[in-house]
Amino acid sequence: MSLLKVENVSKRFGSLVAVSDVSMALQPGELRAVIGPNGAGKTTFFNTISGFLMPTSGRIVFDGEDVTTLPPARRVWRGMARTFQITEVFPELTVRENLRIAVESASGFRLRLWQSREESDTVGARVAELLQMSGLTHKADRLVGELAHGDQRANEIMMALALRPRLLLLDEPTAGMGDQETYDITRLIRKLHRDQKLTIVLIEHDMRVVFHLADRIMVLAEGKMLAEGTPQEIAANEAVQAAYLGKAAA
Amino acid sequence: MTPANFRKLAILGCVWALLILAPVWMPPLGGYTALGTRVLVLGLAAMSVNFLLGFTGVLSFGHAAYFGLGAYGAGFALKFLAPSTPLSLIAGTLLGGLAGALLGTLIVRRRGVYFAMVTIAFGQVFYYIAFQWSSVTGGDDGLRGFSRQPLDFGAFKINILSNADNFYYFVLFCFAIAVAVMGFILRSPFGRTMLAIRENERRARFLGIPIERHIWIVFTLSCFFMGFAGALYALLNNFADPRGLHYSQSGDFVMMAVMGGMRSFWGPLLGAAVFVVLQDYLSSVTVNWMSFVGLLFVLVVLFFPRGLLGFIRGKAAS
């Protein structure tokens, strides 16, 4: 059974059709890349999956349950997590505090006024684990707003991971990054996918990253689905080359 | 102990030492104990506004309504129910808090400027009710004919009506309880979700925090604190005034919080102290005292955007 099924989703803003009749079925453990030229509707498509926007029509089924109209927080409780194209973090809190809030939310402590010593220690241990994974341990007590862009991005991905998601949505994780940072993030995503068998949907402009990571690729153009297939199939697809890769190659 | 913890403890020690010894050090400096009581009460109100503003990032411009309701609640209890000071505090706190809980459900869906506007609108509704419904509220003259009662411990009574020091310590005790509860909430996992909402609503939402529900809870809690402060204010004056509900009073509270420093726990208390002392001193010199307070406010916002306490802390840290 597929973990996520998007059925004929459309999103209109007035007369503008941002996403038109797009469907997708995602197998557990799959890493799917969504590519397409600027303005293709990738982020809007993403927003309907994560609940940031409600689709105008169509259905979104997550793990057998219709989540089309559920608010974002409830989708998170069911196991969806996302990052944003423009990094969304808590800038005036430390890395540790950022992660702690995420871990506590995932542990269902959101409304708690107290924590036992054991609970607090468990949260602390999980935070330490996430810090380790991200390589931010030595910056744990710095304010996130003071960190380099790449570190902020890593912090955001770790906050999403703190939720122990079954589906991770990453919107251009390498946007605005240098080669080294892109490499680090790519390696991190690959690790999550290979080692933790995490199901991931990824919007990405960097074709090296896409072809390195993706099991399958979906191409959007002008809000419509242009093609879908393995990286080899997409690379060989003439319509895709014409609409997108051709331009990039030229 | 880390230096940061040590500093926090030192600040805490200083604040409480100053507050406990206020009746000793205030008179030689030209103050009087009742002035200190006023600082405590208005400081608690400013801290309640800041609970919402500084720690959740939500600006209410109508919080005086819940302050005023607290005052009227205390007044009604003393006048019509029973001559008991604790009962009046409970009545005021409940009236302010429950009104906040109810109206909060209508308000929390709005954001930013719209939130502020809706809070003003609801606040003014209460002002006009208190102003017009003279037979119950005393109208423009305010609610009179009650006074705070001695604290009855069975074996002995404490006179807080005519002994200013006793009343100061009673208010300080109430203040300490309210502030301890506030501090406790802020240090909890729930308190951290408040910071998360202040820092980045979108991220908080996508960490699975239902924003509207959490803002409603914080709004309601701050209204309970506000009602408590209002009840103390009624005991302080033996009088409840419709102007205590007016939006200009809300503005004063916001001003105290911003002037003292919204990001710091004690900032609003400092802001209230500056405000009250300036008002006390300047209003005996000129009727236009508010112009000077306003000028100071503008200067603080321009030059110390983190408020007076934020500025002092920055100096201490560097």
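**Note on a predicted two-chain model**

1. In this predicted model, the C-alpha centres of domain 1 of chain A and domain 2 of chain A lie 26 Å apart, where the domain bounds come from an automatic or database domain assignment. Domain 1 takes in residues 4-79 + 165-249 of chain A, and domain 2 takes in residues 94-164. Ten residues of domain 1 of chain A are in contact with eight residues of domain 2 of chain A, two residues being in contact if their C-beta atoms, placed from the backbone, lie within 7 Å. On the side of domain 1 of chain A that touches domain 2 of chain A, the largest share, four residues, is supplied by helix α6 (residues 179-196) of chain A. That side of domain 1 of chain A divides into seven nonpolar residues, one polar and two charged; here Ala, Val, Leu, Ile, Met, Phe, Trp, Tyr, Cys and Pro count as nonpolar, Asp, Glu, Lys and Arg as charged, and the others, Gly among them, as polar.

2. On conventions, residues are numbered from 1 along each chain as its sequence is written, while chains are lettered from A and ligands numbered from 1 in the order in which they are written. As this is a predicted model, local features need pLDDT of at least 70 and side-chain atom pairs count only at pLDDT 80 or more, whereas totals for chains, interfaces and linings use all residues.

3. Chain A contains nine helices and ten strands, which are DSSP runs numbered from the N terminus (helices are H or I of at least four residues, strands are E of at least two). The radius of gyration of chain A is 18 Å, close to the 18 Å that the globule rule gives for 250 residues, so chain A is as compact as a globular protein of that length; the radius is taken over C-alpha atoms, and the rule is 2.2 Å times the number of residues to the power 0.38. The C-alpha trace of chain A spans about 60 × 40 × 35 Å along its principal axes. Of the 250 residues in chain A, 44% are buried; a residue is buried if 20 or more other C-beta atoms lie within 10 Å of its own, exposed if 12 or fewer, and partly exposed in between, with C-beta atoms placed from the backbone. Among the contacts in chain A with a separation of 6 or more, 65% are between residues 24 or more positions apart.

4. Helix α4 (residues 117-134) of chain A has 18 residues, which at 1.5 Å a residue should span 26 Å, and its end C-alpha atoms are 26 Å apart, which agrees; the expected span is 1.5 Å times one less than the number of residues. The buried residues in α4(A) include A:Val123, A:Val127, A:Leu130 and A:Ser134. They cover an arc of only 60° around the axis, which puts them on the same side of α4(A), the arc being that of the directions from the helix axis to the C-beta atoms. Their cover includes α3 (95-106) and α5 (149-162) of chain A. The face of α4(A) turned away from the buried side carries the exposed residues A:Arg117, A:Glu118, A:Asp121, A:Ala125 and A:Gln132. Just after α4(A), A:Gly135 has a positive phi of about 75°.

5. Chain B has 15 helices and two strands. For its 318 residues a compact globule would have a radius of gyration near 20 Å, and the 19 Å of chain B agrees with this. The C-alpha trace of chain B spans about 50 × 45 × 45 Å along its principal axes, and 49% of the 318 residues count as buried.

6. In helix α6 (residues 112-132) of chain B, the buried residues are B:Phe115, B:Thr119, B:Phe122, B:Gly123, B:Phe126, B:Tyr127 and B:Ala130. They cover an arc of only 150° around the axis, which puts them on the same side of α6(B). On the other side of α6(B), B:Val113, B:Tyr114, B:Tyr128 and B:Gln132 are exposed. Elements covering the buried residues of α6(B) include α4 (64-81), α5 (85-107), α7 (134-137) and α12 (247-260) of chain B. B:Val125, also found in α6(B), is partly exposed, with 14 other C-beta atoms within 10 Å.

7. The contact between the chains takes 18 residues from chain B and 25 residues from chain A. On the side of chain B that touches chain A, α9(B) gives the most, with seven residues. The residues on that side of chain B divide into nine nonpolar, four polar and five charged.
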